[in-house]
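Keep the sequence and the 3D view side by side as you read. The walk below starts at a pocket and moves on from there.

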Amino acid sequence: MGKVYVFDHPLIQHKLTYIRDKNTGTKEFRELIDEVASLMAFEITRDLPLQDVQVETPVATANSKVIAGKKLGLVPILRAGLGMVDGILKLIPAAKVGHVGLYRDPETLKPVEYYIKLPSDVEVREFIVIDPMLATGGSAVEAINSVKKRGAKNIKLMCLVAAPEGVEEVQKYHPEVDIYLAAMDEKLNSKGYIVPGLGDAGDRLYGTK
């Protein structure tokens with residue numbers, strides 16, 4: 001079973017408070033999402049393998065380390081996932097970015113893929129699927145399905161806030177996927193919103209209703 005990591009770093013928790021606040025405007029909300037994504041990227045890459053290299057400093061030869069050629073791919077779920085990509089790329093500029101778009105079928109209420117574009121070397125990349133909200137889990141499950149269908153073998157899921165129901169849904173269909181969160185919230189309400197959550201992340205990022 002994949003693990004669930006909830007990042008309790010004080011900076012992440014501090015910024016998440018202002019992301020939740022309904023009085024936080026679009027500009028500040030966007031900036032805070034960007035900052036928290038960077039901080040989460042710092043945590044999510046903690047286990048990247050290193051290799052030894054030598055480098056000439058102005059003083060002497062130093063035995064040092066670099067990341068051992070692991071290829072990363074970021075896959076934001078459109079549209080809200082886009083708000084987290086730049087923050088991650090600040091720390092991992094060599095990562096390639098794919099995209100997956102889903103819409104909810106009005107009759108079945110199930111998410112349906114309408115767009116996907118991934119880097120060409122899918123099989124050798126470790127992918128991080130990104131969405132600020134993990135509510136019912138339907139979109140995350142379908143996005144991971146979409147990436148797997150194209151040949152991805154190593155996938156992580158990164159979200160700001162999650163409901164326990166969404167985590168359970170992802171673990172049911174993708175038990176090997178590790179889930180990285182800034183907060184595990186209380187529950188879903190009758191409309192499928194995370195409680196206490198932060199509202200609709202896409203609307204708050206882009207100023208739409």
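The second largest pocket is lined by T45, L48, I67, K70, K71, L72, L91, I92, P93, A94, A95 and R125. A pocket here is an open set of points on a 1 Å grid over the protein atoms alone, where a 1.4 Å probe fits, with protein on both sides within 12 Å along at least five of seven lines; lining residues have an atom within 4 Å of a point. This pocket holds about 220 Å³ of space. A volume is the space filled by probe spheres set on the points, which are joined across faces, edges and corners. By class, the lining has eight nonpolar, one polar and three charged residues. Ala, Val, Leu, Ile, Met, Phe, Trp, Tyr, Cys and Pro count as nonpolar, Asp, Glu, Lys and Arg as charged, and the others, Gly among them, as polar.

A word on the model. It is predicted: local features need pLDDT of at least 70 and side-chain atom pairs count only at pLDDT 80 or more, while totals for chains, interfaces and linings use all residues. Residues are numbered from 1 along each chain as its sequence is written, and side-chain values use heavy atoms, with hydrogens and water left out.

Now turn to the largest pocket. Its volume is about 1,000 Å³. Of its 37 lining residues, R104, D131, A135, T136 and S139 are the closest to the centre. Helix α4 (138–149) gives the most to this lining, with six residues. Other elements that each supply at least two residues include β4 (71–78), β10 (154–162) and α5 (164–173). Helices (H or I, at least four residues) and strands (E, at least two) are DSSP runs, numbered from the N terminus. The lining divides into 19 nonpolar, nine polar and nine charged residues.

Which residues does UniProt place under "binding site"? The unreviewed entry lists I194, G199, D200 and A201. The lining of the largest pocket takes in I194, G199, D200 and A201 from this set. UniProt positions are given in the numbering used here, feature names are shortened, and annotations may be inferred rather than shown by experiment.

Take two of these in turn. I194 lies in strand β13 (residues 194–195). I194 counts as buried because its relative accessibility is 7%; buried means under 20% relative accessible area, exposed over 50%, partly exposed in between (1.4 Å probe, protein chains only). D200 sits in the loop between β13 and α6 (201–206). At 31% relative accessibility, D200 is partly exposed. The D200 side chain reaches the backbone nitrogen of G202 at 3.0 Å.

Leaving aside neighbours within four places in sequence, I194 is in contact (heavy atoms within 4.5 Å) with residues including M133, V161, D185 and K187. D185 is found in the loop between β11 (178–184) and β12 (187–188). Is D185 buried or exposed? D185 counts as buried, because its relative accessibility is 8%. Its side chain makes a polar contact with the side chain of R20 (2.7 Å). Such a contact is a pair of N or O atoms within 3.5 Å; within protein, one must be able to donate a hydrogen and the other to accept it, and residues adjacent in sequence count only if both atoms are side-chain atoms. A polar atom of the D185 side chain also lies 2.8 Å from the backbone nitrogen of G197.

Finish at V75, in strand β4. V75 is buried, with a relative accessible area of 0%.
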